[in-house]
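Reader: Can you walk me through this one? I'd like to start with what the terms mean.

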Amino acid sequence: MNERISPDIQTGALVYHSHVRPGKLEIRPTKPLGNQRDLALAYSPGVAVPCMAIAETPALASAYTVRQNLVAVVTNGTAVLGLGDIGPLAAKPVMEGKAVLFKKFAGIDVFDIEVAEKNVDKLVDIIAALEPTFGGVNLEDIKAPECFEIERKLRERMSIPVFHDDQHGTAIIVGAAVRNGLELAGKTIAQAKIVTSGAGAAALACLQLLVSLGAKRENIFVTDLAGVVHKGRNESMDPLKATFAQDTSARTLSEVIIGADVFLGLSAGGVLKPEMVAAMAPSPLILALANPNPEITPDEALAVRPDAILCTGRSDYPNQVNNVLCFPYIFRGALDVEATAINEPMKLAAVEAIAALAREAPSEVVARAYGGVAPSYGRNSLIPSPFDPRLILRIAPAVAKAAMDSGVARKPILDCEAYREQLARTVFRSGFVMKPLMLAARANPKRVIYGDGEDERVLRAIQSVVEERIARPILIGRRAVIEKRLRQFGLTIEIDRDFELTDPSDNPRYDDYVATLMEAAGRSGVNPEIARTLARTNTTAIAALALRRGEADAALCGLDRRFASALDYVNAIIGPAPGVAKFAALSLMITNKGSFFITDTHVRLVPTAEEVAETALLSAAHVRRFGLVPKIALVSHSNFGSDDGPSALKMRQALDIIRAADPDLEVDGEMEADSALSQPLRDLALPGSRLKGEANVLVMPSLPAANIAASMTRMMADALPVGPILLGAAKPIHILTPSTTARGVVNMTAVAAAEAQFAQAKA
């Protein structure tokens with residue numbers, strides 16, 4: 001095992017890849033196969049019709065097959081991540097991971113193809129022969145210099161995009177970072193002295209793209225394991241590297257780095273020494289991209305050069321250079337215009353789109369996701385976050401336009417506005433609905449207390465919470481038990497270093513907790529004896545007391561007990577927020593077809609019209625914290641007056657109350673669930689409904705209906721649930737359920753932490 005990877009990640013990664021079923025991918029049909037007619041249309045005899053149509057007009061393959069949304073991710077396993085030549089079979093998990101990113105970020109389907117072939121010409125023959133299957137080819141983890149020749153030959157032979165992401169994906173992000181970094185430093189790329197450490201595929205592709213952006217070859221100095229690439233050098237040279245050979249007497253990185261404006265590192269950790277950074281030009285731009293350890297850490301560089309601008313390949317520092325910023329969206333734009341190649345104008349368009357997005361004022365949606373204050377363009381926000389939902393909306397259209405302008409688009413886009421709307425739907429369906437809250441939580445970590453600190457799921461979640469820095473955890477549990485379980489599960493977090501501990505058996509604030517409990521619930525049947533017992537043994541009560549006393553900013557509890565009993569303690573100690581009549585619960589369901597919220601799944605059994613309205617309004621406020629515009633459907637068995645049963649009448653009355661309270665809220669009802677999730681069906685029932693597109697909040701007429709809908713969605717759609725999210729509490733507190741997983745605890749931590757930020761900003 002790799003010693004740089006923590007024991008928890010090592011064991012967790014194997015479990016992640018093996019359970020519930022091996023791997024990260026599956027193939028699902030997109031058309032119904034429910035009867036004999038469906039089968040006749042899908043296969044024999046009906047399938048012969050599109051076959052004959054394509055045989056007569058090959059371009060119709062994009063209309064009748066998945067080809068134009070299908071990419072091949074191909075490797076021979078000769079340069080896998082930082083693992084080297086581990087072979088094609090061992091590379092398969094990485095290729096599956098790449099496939100997942102294509103699908104999640106851009107809605108692109110992928111077949112991962114691992115080929116046991118190192119001979120360049122044979123590998124080219126194999127890949128080229130696959131052209132009828134795919135709309136594009138993404139070459140991955142193929143070592144240099146062979147990768148250059150393979151890509152060149154494939155581009156000559158194939159009439160679909162061929163893109164070696166290790167080269168060009170990195171180059172595009174580096175290009176955007178250099179573009180903005182030099183602008184902030186008041187420099188031009190034509191005058192900048194650029195020094196690299198590393199001369200592999202990625203580094204050389206970066207340099208080629210920087211030249212296209214205006215860098216001068218005479219200002220570029222390349223170093224590798226053999227030293228400076230200079231004229232007359234024969235050791236470890238290849239034709240592409242030779243194009244950057246300089247007529248210089250310098251032979252080491254320390255000699256050529258003097259006066260450099262840009263350092264580009266794609267080599268190994270620790271290569272760039274502090275004294276080298278000190279010798280660079282004013283306001284140096286340092287891209288230390290080696291993983292997992294950069295050529296120099298930002299802390300080390302800034303210690304000697306406070307004026308430096310830093311980028312790394314890591315997510316725990318600002319300005320992460322990550323290929324996922326571009327490759328899904330470049331392919332999205334290329335596929336959507338049926339491009340024959342991804343050419344230089346398309347890559348340059350992606351550079352400019354990424355650089356320009358970083359310079360944009362944060363959108364209202366992004367600002368809301370950051371609690372009202374989003375990071376703005378500057379030294380610590382040089383390039384966008386990989387999870388900025390606007391990436392696909394900027395890059396894909398820019399790439400598509402460049403393809404059209406440069407003559408490689410076979411199917412130009414005629415309605416650009418409709419295309420952008422189509423891309424916007426991809427953002428919401430991507431499943432990354434949690435990312436805005438994760439980013440908001442990380443921007444200002446809050447103290448989150450966990451009532452079930454001894455539970456394995458909580459302990460595993462805390463490992464992730466600490467690593468991702470989304471909260472400052474406080475665990476309730478016995479010290480000896482937690483220490484034993486941390487060792488047992490191979491977790492690297494430690495008590496007092498990574499999280500605080502409140503041990504109920506040895507709590508120095510015990511008497512204060514008893515007094516606080518009596519103050520909160522002394523008139524609700526809690527006598528001193530009961531208070532002393534609860535403050536010692538009931539972890540939900542202890543978490544709520546810590547939250548009430550201001551010793552935590554948010555709380556998660558209830559894993560080990562019935563929701564209703566935990567809610568009783570929350571109600572007695574925390575209580576509803578001012579103006580809220582009663583708690584409610586909201587559940588987020590993340591499915592392969594999109595994400596939506598269901599309410600009320602846990603609290604209000606048969607709500608009145610007033611309670612339905614209050615739940616809808618509370619839900620809208622919380623959905624906005626996800627960076628989403630709430631689109632609320634009041635769901636019933638009736639479709640806009642088709643039935644006058646009590647449930648339908650109640651939802652109609654609730655609609656009137658909601659519209660009076662918030663006239664601008666996008667809400668309608670009563671309607672059936674299929675109408676809520678399909679505008680064409682809704683238009684058949686009521687053309688001109690105020691609700692547009694797909695609803696993202698389904699307000700159910702009763703708790704049983706909501707709970708059943710959520711449970712069925714979870715099982716039948718293989719949905720990832722987040723919640724229940726408790727609505728209407730005076731302080732951020734949420735009750736987990738026994739079915740909550742470790743991942744669910746992490747997600748709810750982000751929900752609670754972000755809610756605490758909003759509460760603090762509002763106070």
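This is a predicted model: local features need pLDDT of at least 70, side-chain atom pairs count only at pLDDT 80 or more; totals for chains, interfaces and linings use all residues.

Reader: Good. Is D496 buried or exposed?

Author: D496 counts as exposed, because its relative accessibility is 57%. D496 is found in the loop between α21 (479-488) and β13.

Reader: What about the phi of D496?

Author: Phi of D496 is near 75°. That is a positive value in a residue other than glycine.

Reader: And N319, what is its phi?

Author: N319 has a positive phi of about 60°, and N319 is not a glycine. N319 is found in the loop between β10 (309-312) and α14 (327-336).

Reader: Is N319 buried or exposed?

Author: N319 is buried, with a relative accessible area of 5%.

Reader: Switching to peptide bonds. Which residue does a cis peptide bond join to S44?

Author: P45, with omega about 5°. P45 is in the loop between α2 (36-42) and α3 (48-56).

Reader: Which residue is joined to T599 by a cis bond?

Author: D600, and omega is about 0° there. D600 is in the loop between β16 (594-599) and α26 (609-624).

Reader: On to sheets. What is the strand order in the open sheet of four strands?

Author: The order is β2-β1-β3-β4, with parallel pairing. β2 (109-114) and β4 stand at the edges. Each has a single partner strand, so one side of each is left without a neighbour in the sheet. The twist averages 20° from one strand to the next.

Reader: How many bridges join β1 to β2?

Author: Six bridges join β1 (residues 70-75) to β2, and the two run parallel. V73 stands opposite D112 in β2.

Reader: Where does V162 sit?

Author: V162 is in β4 (residues 162-164). V162 is buried, at a relative accessible area of 1%.

Reader: What is V162 in contact with, leaving aside neighbours within four places in sequence?

Author: V137, L139, E151, L154 and R155, with those sequence neighbours left aside. The C-alpha atoms of V162 and V71 are separated by 9.7 Å. V162 and V71 are 91 residues apart along the chain.

Reader: Which strands does α8 lie across?

Author: α8 lies across β3 (136-139) and β4, and runs at about 75° to β4.

Reader: How do α8 and α9 pack?

Author: Helix α8 (residues 165-184) and helix α9 (residues 201-212) pack at an angle of about 50°. Their axes are 8 Å apart. α8 and α9 are therefore oblique to each other. Their crossing is right-handed.

Reader: Which residues meet there?

Author: In α8, they include D166, H168, I172 and V178. In α9, they include A201, C206, L209 and L210. The residues of the contact of α8 with α9 divide into ten nonpolar, four polar and one charged.

Reader: And at what angle do α23 and α24 pack?

Author: Helix α23 (residues 528-537) and helix α24 (residues 539-548) pack at about 90°, with axes 6 Å apart. α23 and α24 are therefore roughly perpendicular to each other. The contact is made by L534, A535, R536 and T537 of α23 and T539, A541 and I542 of α24. The residues of this contact divide into four nonpolar, two polar and one charged.

Reader: Back to sheets. What order do the strands take in the open sheet of five?

Author: The order is β13-β12-β11-β14-β21, with parallel pairing. β13 (500-502) and β21 (733-735) stand at the edges, each with a single partner strand. Neighbouring strands of this sheet are turned by 20° against each other on average, direction ignored.

Reader: Why is β11 described as largely enclosed?

Author: Four of the five residues of β11 (residues 446-450) are buried, so the strand is largely enclosed by the rest of the structure.

Reader: How many bridges join β11 to β12?

Author: Five bridges join β11 to β12 (residues 471-476), and the two run parallel. The bridge partner of R447 in β12 is R472.

Reader: And β11 with β14, over how many bridges?

Author: Three, in the parallel sense, with β14 spanning residues 554-557. V448 stands opposite A554 in β14.

Reader: Which strands does α25 touch?

Author: Helix α25 (residues 563-573) packs on the sheet and touches β14 and β21. The direction of α25 makes about 160° with that of β21. Helix α31 (residues 742-762) also packs on the sheet, touching β11, β12, β14 and β21. The direction of α31 makes about 135° with that of β11.

Terms used: Residues are numbered from 1 along each chain as its sequence is written. Side-chain values use heavy atoms; hydrogens and water are left out. Axes are lines fitted to C-alpha atoms, for helices over the stretch in contact, and angles run from 0 to 180 degrees between N-to-C directions. Angles under 35 degrees count as roughly parallel, over 145 as roughly antiparallel, 65 to 115 as roughly perpendicular and the rest as oblique. Contact means heavy atoms within 4.5 Å. Ala, Val, Leu, Ile, Met, Phe, Trp, Tyr, Cys and Pro count as nonpolar, Asp, Glu, Lys and Arg as charged, and the others, Gly among them, as polar. Buried means under 20% relative accessible area, exposed over 50%, partly exposed in between (1.4 Å probe, protein chains only). A crossing is left-handed if the near helix is turned anticlockwise from the far one by less than a right angle, and right-handed if clockwise. Two strands pair if DSSP finds at least two bridges between them.
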